[in-house]
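Trainee: I have a few questions about the side chains in this one. Please go through them with me.

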Amino acid sequence: MPDCFRRDLLGTTASVAAAAASLAGCLSTSGIGGTESQHTAPGNLTAWDHTPDCKTSEERDAMDEHYDSTIAVDHTTTSLDGGYEPIRYASLTGAEQALLDTVTTDGGYSTCDEGDAFERFVVRVREHLQRQDDTMAYLERGSVYYALRVEVKDVGVSY
C-alpha cells in the first residue's frame, strides 16, 4: 500500500474517531417532561460557520450586512457567578427545545424567516435580560451554561 494512501486512510480514520468522540460527548437523556439528566457541550461550538443566505437587494449586498436572524453560542461554562439565573432548557416549549438542540449541538442557528419558536425564544431572551439587567443571556442545559448571541435582522439582542 503506498505511503500517501496509508496516511490518507489513517487521517480519515482519526477524523471519524474524533467525530464519534464528539457525538459521544453530547449525551442527551430525556426523561418525563423533557428534563435532562446529562448534557455536555461537544467540541468548539463557537467555531460555528455562519453563512447568511437571505435574498437581499444589491445595495444591501454591497454594504455587506447580514439580514438574517441568528442564535449562536458565544461561549460555554460549567458555572455562573453572582446569582445569575439562566434560561432553563427544561422550561422551554418543545419547539424551542428543538431549536436550541440545533444551537447547542452545531453552535448556532440562522434563518431568514423567523418561525413561532424562534420569535418566542427571542421574546423570552429579551424578558430575561430585563430581569437580569444584563446583556448576555445564558441557557442552562444539564451541567453546561451556554452564553447566547442573539441577533434579529442584524440587531443584537444578546451579546
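Trainee: Is Arg149 buried, partly exposed or exposed?
Mentor: Arg149 counts as partly exposed, at 26% relative accessibility. Buried means under 20% relative accessible area and exposed over 50%, with partly exposed in between (1.4 Å probe, protein chains only). This is a predicted model, where local features need pLDDT of at least 70 and side-chain atom pairs count only at pLDDT 80 or more, while totals for chains, interfaces and linings use all residues. Residues are numbered from 1 along each chain as its sequence is written, and side-chain values use heavy atoms, leaving out hydrogens and water.

Trainee: Which side chain does Arg149 meet in a salt bridge?
Mentor: That would be Glu151, at 3.7 Å from N to O. A salt bridge here is a side-chain nitrogen of Lys or Arg within 4 Å of a carboxyl oxygen of Asp or Glu. Glu151 is partly exposed as well, with a relative accessible area of 21%.

Trainee: And which residues do shared partners join into one network?
Mentor: Glu85, Arg88 and Glu140 are joined that way by salt bridges.

Trainee: How many salt bridges does the structure hold?
Mentor: Five. One of them links Arg88 to Glu140, with the closest N and O atoms 2.5 Å apart. Arg88 lies in strand β2 (residues 87-88) and Glu140 in strand β4 (residues 137-141), so this pair ties together parts that are 52 residues apart in sequence. Helices (H or I, at least four residues) and strands (E, at least two) are DSSP runs, numbered from the N terminus.

Trainee: How do β2 and β4 pair?
Mentor: They pair in the parallel sense, over two bridges; two strands pair if DSSP finds at least two bridges between them. Glu140 is also the bridge partner of Arg88 in β4. Arg88 is partly exposed at 35% relative accessible area, whereas Glu140 is buried at 18%.

Trainee: Changing topic, which salt bridge does Arg124 form?
Mentor: Its side chain meets that of Glu96, at 2.8 Å from N to O. Arg124 lies in helix α4 (residues 116-132) and Glu96 in helix α3 (residues 94-106), so parts 28 residues apart in sequence are tied together. Glu96 is buried, with a relative accessible area of 1%, while Arg124 is partly exposed at 24%.

Trainee: Back to β4: how many of its residues are buried?
Mentor: Five of its five. Ala137, Leu139 and Arg141 point one way, with Tyr138 and Glu140 pointing the other.

Trainee: What joins β4 to β5?
Mentor: Five bridges, and the strands run antiparallel. They form a hairpin with two residues between them, and Gly142 in the turn has a positive phi of about 65°.
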